[in-house]
Amino acid sequence: MIEFHLTVLAIVVSFGFVFSYLAMKEHDLLKALALSSVQSTFFALGFYVLAAPDIVLAYLAIAVGAYTALMILAISKTERFEVGK
Amino acid sequence: MGARRDVVVALLLLMAMAVLSYSAVASGFASGSLRPLGAEYLERAASTPEVVTAIVWNYRGFDTLFETFVFFLAIAGTLSVLRLSSRQEREVRRNEEREPHRKMDEIVRVITKLVVVAIVAVSASIAIHGQLTPGGGFQAGSAMAVASLLLFVVFSKFVLERSGLTLRHTLTAYAAGLAVILVTVFLPVLMGGHLLQIDLLPGESGLLSLDVGEYTAVTFGFLSVFLVLGISEWIFKGVLREEVK
């Protein structure tokens with residue numbers, strides 16, 4: 001059954017990479033933040049497949065909750081849109 | 001361009017959910033049997049049926065303890081950089097009362113209330129069940145920090161402060177959590193054992209009090225930092241300018 005778990009892991013992590021790429025290409029910082037928290041959710045699913053539920057609990061709360069909120073706070077002190085090339 | 005990308009993202013999400021739900025139904029992620037390494041740790045551990053907790057607190061207790069200290073240093077650093085004397089605190093409060101009171105939409109507020117109740121219940125169960133199921137103090141505390149953040153964003157920090165969660169109170173609760181952890185760490189020494197030898201304490205009480213202490217410490221540690229960071233920038237700048245003069 002390990003092949004099946006590894007396949008699911010590969011799929012989930014690939015989705016995570018897709019969303020981190022989208023987050024990097026995004027010029028609207030708030031949208032980039034939302035994309036990056038979707039990526040964190042996929043990585044958390046990956047941790048679940050790897051049978052690490054402890055990490056999932058901490059990772060979801062930190063990466064989707066606290067990190068996003070602190071980044072919003074940081075963005076509120078600068079500009080929302082990234083300009084230039 | 002934008003619409004097409006939305007469609008792609010939605011399709012990707014749907015596919016992922018389909019694969020995951022299929023896999024959850026078809027195989028079940030958890031395997032039924034315990035691996036020999038886990039069995040070995042459980043045999044030697046003090047009074048916990050959960051392998052990860054057995055390793056975290058019985059074999060790598062100092063690891064977790066020092067993580068708590070690192071977190072303490074981070075919060076102490078934040079609070080000392082953004083410190084306010086009691087006179088400045090009064091001035092901040094006076095300025096904050098003059099700020100316009102903004103309200104979020106009714107729908108958002110009602111949903112947040114429901115979600116916050118759910119998060120509080122889940123995080124308490126993660127903390128209090130920490131010795132039996134995956135999770136523990138830090139995980140529960142960070143989940144609880146998300147609840148306080150939601151309240152913070154949707155209702156503003158004044159709602160928290162009016163309900164008694166001022167910086168002074170949250171710091172006191174943080175210190176109480178740390179005190180519970182320290183007492184649990186040093187109690188075995190008084191009973192003739194080593195530091196952190198929590199199997200000397202009766203039953204699961206050692207693990208439970210470590211989890212609850214860590215839960216309190218992380219929850220209120222995060223909340224104190226948010227309360228300080230939540231002061232409006234122009235107010236803070238005004239106070240600092242005053243200090244320079």
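The radius of gyration here is taken over C-alpha atoms, and the globule rule is 2.2 Å times the number of residues to the power 0.38. This is a predicted model in which local features need pLDDT of at least 70 and side-chain atom pairs count only at pLDDT 80 or more, while totals for chains, interfaces and linings use all residues. Residues are numbered from 1 along each chain as its sequence is written, chains are lettered from A and ligands numbered from 1 in the order in which they are written, and side-chain values use heavy atoms, with hydrogens and water left out.

View 1. Chain B has eleven helices and zero strands (DSSP runs numbered from the N terminus: helices are H or I with at least four residues, strands are E with at least two). Its radius of gyration is 23 Å, whereas a compact globule of 245 residues would come out near 18 Å. Along the principal axes, the C-alpha atoms fill a box of roughly 65 × 60 × 30 Å. Take the contacts (heavy atoms within 4.5 Å) with a separation of 6 or more: 74% of them join residues 24 or more positions apart.

**View 2. Surface and charge of chain B.** The charge tally is 21 positive and 21 negative side chains, and the centres of the two sets sit 11 Å apart. Lys and Arg count as positive, Asp and Glu as negative, and His and the chain ends are not counted; each charge is placed at NZ of Lys, CZ of Arg, CG of Asp or CD of Glu.

View 3. Mean pLDDT (the predictor's confidence in each residue, from 0 to 100) is 84 for chain B, and 95% of its residues reach 70 or more. Helix H9 (residues 167-190) has the highest confidence at 92, and helix H3 (residues 51-59) the lowest, at a mean of 75.

View 4. Thr64(B) sits in helix H4 (residues 61-81). Its relative accessible area is 12%, so it counts as buried (under 20%; over 50% is exposed, and in between is partly exposed, with a 1.4 Å probe and protein chains only). Setting aside neighbours within four places in sequence, Thr64(B) touches Val56(B) and Trp57(B).

**View 5. Close-up on Glu161(B).** Look for Glu161(B) in helix H8 (residues 157-162). Beyond neighbours within four places in sequence, Glu161(B) contacts Glu96(B), Thr166(B) and Leu227(B). Glu204(B) is 43 residues from Glu161(B) in sequence and 36 Å away in space, C-alpha to C-alpha.
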